[in-house]
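Dear colleague,

I am handing over the structure below for your records. Please look through it first; my findings follow directly after it.

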Amino acid sequence: MSGIKNRGSQTHREKTKYHRPSENKKESMDQETIKLTVNEKAQMVLDEMGILLNKKPIQANTKRATLLKHRLKEFDETQMVDYVKHFWVKWKDWELRNDYFRPETLFQKGRVWDEIDSVQLQEAYLDPAPASESFRKDPVNKTEISFEIYRREVLRPSRFFGYHFKRMNEYQKKLIESRIRNNYEDGKPIYQALSITFFEQVRKGTQ
């Protein structure tokens, strides 16, 4: 009888979308690379633009995303997310920034290739009072920085992370916080604590 109950319990868990992964699956998570379509990659970038503009994001399946999709054949989505952050900061004192912060302008081939070398990947500061560069790039000293401060800085500097983390379910949040805590315990710098690839795997329910 106990064997029958166990099989039934396993079947229920298998049918649950956000079931707790096995230890073997946890170990394989770091090695898995999510297969995103061009539309999904473009939507990641367009979502970031919408967050910055505080507007509903443009949809990737429209003509307005055409240039961005062309650039995603030349660069990955991580580079393009940081590229738009770079321009948001670069144009911060320009009164027409919001008018020209659009895919038709940003993703012209010449502009991207001329500017991409100036983009500091994973380090586009967006907060009103961002942490110092050394604080984010140096290995973490746990005697000086608490996990709470580390976690806050990991989720805050990238608005993409902060925005979507708030909209995750509890299981997804636990996966993200577990990754952040593990990297904190390993002493990893703040900017290495969370990757876009892993974050998207969790957000899309592939973990």
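From the N terminus on, the elements of the protein chain run α-α-α-α-α-α-α-α-α-α-α-α-α: there are 13 helices and zero strands. Helices (H or I, at least four residues) and strands (E, at least two) are DSSP runs, numbered from the N terminus. The model is predicted, so that local features need pLDDT of at least 70 and side-chain atom pairs count only at pLDDT 80 or more, while totals for chains, interfaces and linings use all residues. Residues are numbered from 1 along each chain as its sequence is written, and side-chain values use heavy atoms, with hydrogens and water left out.

Of the 207 residues in the protein chain, 41% are buried (buried means under 20% relative accessible area, exposed over 50%, partly exposed in between, with a 1.4 Å probe and protein chains only). Helix H13 (residues 196-203) is mostly covered, with six of its eight residues buried; among them are Phe198, Phe199 and Val202. Gly205, which follows H13, has a positive phi near 75°.

Helix H3 (residues 38-53) and H5 have axes that come within 9 Å and cross at roughly 20°. Axes are lines fitted to C-alpha atoms, for helices over the stretch in contact, and angles run from 0 to 180 degrees between N-to-C directions. H3 and H5 are therefore roughly parallel to each other (angles under 35 degrees count as roughly parallel, over 145 as roughly antiparallel, 65 to 115 as roughly perpendicular and the rest as oblique).

The structure holds eleven salt bridges, each a side-chain nitrogen of Lys or Arg within 4 Å of a carboxyl oxygen of Asp or Glu. One of them joins the side chains of Asp82 and Lys85 (4.0 Å, N to O). Asp82 and Lys85 are three residues apart in helix H5, and therefore separated by about one helical turn. Asp82 is buried, at 3% relative accessible area, and Lys85 is buried too, at 6%.

Lys90 forms a salt bridge with Glu115, the closest N and O atoms being 2.8 Å apart. Because Lys90 lies in helix H5 and Glu115 in helix H8 (residues 109-115), this pair ties together parts that are 25 residues apart in sequence. Lys90 is partly exposed at 46% relative accessibility, whereas Glu115 is buried at 13%.

Finally, the side chains of Glu177 and Arg151 meet in a salt bridge (2.9 Å, N to O). Glu177 lies in helix H12 and Arg151 in helix H10 (residues 147-155), so the pair ties together parts that are 26 residues apart in sequence.

Yours sincerely
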